[in-house]
Amino acid sequence: MHNGRSFAVTSVVRLLGFAVLVAGLMSPVVVAASSKEASVKKQPRAAVNKAAPARAAAPPKSVRVSAKSSKASARVAFTPARASFAQIAGLHEVSDPLDLKSSVAYVIDQDTHEVLLSKNDQAVLPIASLTKLMTGMIISQANLPMDEPITITQEDVDTEKGSSSRLLVGSTLTRGEMLHLALMSSENRAAHALGRTFPGGPDVFVAQMNAKAMLLGMTDTKYVEPTGLSSRNQSSARDLATLVNVAHGDPLLRELSTSPGYEVAVGRRTLQYNNTNGLVKNPTWDIGLQKTGYISEAGRCLVMQTKVAGRKLIMVFLDSAGKFSRLGDAERVRRWVESMPSPLAPPLQAVRVGGNG
């Protein structure tokens, strides 16, 4: 009888132990997520722009993140990168003989206007900070005093994309210094301050930008503000080539846009700024004017005037799929031009993959 009771107690204990073990294995994953050693990296939220075309929202993907010291795992929502306007339009599906990573490319001889390379050159897309090239042209040609002090105000703070800036509200620089930072390092608050302090105010400044575009025959181009943060600032590669050609004729724009670096004193601080285009520091390149740009809707962009194999070229790259790929595309074009057997070589044409050309 005693042995029977012992057997029964032992069986109950075993069953209880098994139940506890199962409960532990099936405990909510929230326990693992709350552990001090469970590290879940928060995914950045993609910027939302009201001007982007509406499209169906895909269900969020999930990624499993394992805790270091827990048998359980947590699941967090993953937000995919926002597609650019060119990607939405399918322009990245167009191939070209140089295998460029940019959805749009346009290369012309500056002297003869011969088109050497053409890929989606008529597509009208957001141009990001390439906008600042027109901003600089309006300021330069207005003959305003470059030594006039301009102070950054709350109006210059980016509410479109929430981008940061080292030019804090209250910082004061001269107009010339603001222009230098806007063209060389794409300083958004500097560019906005230039438009805000223009005689007549920002509305007059933007009107001047659009009037200049029309005067130059840039019929695909529209500006709504001076920084390029808005995706409603749009243009085509052909129009941008026209802009680069004219801007290259301005010595001030040439000097400031190709400056490798620049220091400014802001109060007791000295800020070091560098050029956003790494090619200006490359001794193998001879760049006469340049501007880079990026917002998610536009992708990585680059325009340049440069000399290659004794020819003055204008290069335009829009919606490049990678941080350094626009520079890589410029290198690919340069090697191709240098390998040309004759200046009469036919232009390269892009074709849509699987399409009719």
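**Strands, rings and contacts**

Visitor: How many of the 9 residues of strand S12 are buried?
Guide: This is a predicted model. Strand S12 covers residues 287–295 and is mostly covered. To count as buried, a residue must fall under 20% relative accessible area. In S12 the number that do is 8.

Visitor: Which strand is joined to S12 by 8 bridges?
Guide: The partner spans residues 299–308 and runs antiparallel to S12. Pairing needs at least two bridges. With 3 residues between them, the two strands form a hairpin. The partner is S13.

Visitor: Which residue in S13 stands opposite leucine 289?
Guide: S12 and S13 are joined by 8 bridges. Across from leucine 289, the S13 residue is glutamine 305.

Visitor: At what distance from the ring centre of tyrosine 294 does arginine 300 lie?
Guide: A charge over a ring must be within 6 Å of the ring centre and within 35 degrees of the ring normal. Arginine 300 lies over the face of tyrosine 294. Its distance from the ring centre is 4.0 Å.

Visitor: Over the ring of which residue does the charged end of arginine 166 sit?
Guide: The charged end of arginine 166 is 4.2 Å from the ring centre. The cut-off is 6 Å. The ring belongs to tyrosine 273.

Visitor: What is the geometry of the pair formed by the rings of phenylalanine 198 and phenylalanine 205?
Guide: The count of aromatic pairs comes to 1. The ring centres of phenylalanine 198 and phenylalanine 205 are 5.1 Å apart, and their planes meet at 65°. Planes over 60 degrees apart have their own class. So the pair is edge-to-face.

Visitor: What is the relative accessible area of phenylalanine 205?
Guide: Phenylalanine 198 has a relative accessible area of 10%, so it is buried. Phenylalanine 205 is buried too. Its value is 0%.

Visitor: Which helix is largely enclosed by the rest of the structure?
Guide: The helix runs over residues 175–184. Its buried residues include Met178, Leu181 and Leu183. Because 10 of the 10 residues are buried, the enclosed helix is H5.

Visitor: With which side chain does the side chain of aspartate 111 make a polar contact?
Guide: Aspartate 111 lies in the loop between strand S4 (102–109) and strand S5 (115–119). Its C-alpha is 9.7 Å from that of asparagine 245, 134 residues apart along the chain. The polar contact is at 3.3 Å, and the cut-off is 3.5 Å. The partner is lysine 312.

Methods: Residues numbered from 1 in each chain as written. Predicted model: local features only at pLDDT ≥ 70, side-chain atom pairs only at ≥ 80, totals over all residues. Heavy atoms only, no water. Helix = DSSP H or I, 4+ residues; strand = E, 2+ residues; numbered from the N terminus. Polar contact = N/O pair within 3.5 Å; in protein donor to acceptor, adjacent residues only side chain to side chain. Buried < 20%, exposed > 50% of the residue type's maximum accessible area, 1.4 Å probe, protein only. Phe/Tyr/Trp six-rings, centres within 6.5 Å; stacked < 30°, edge-to-face > 60°.
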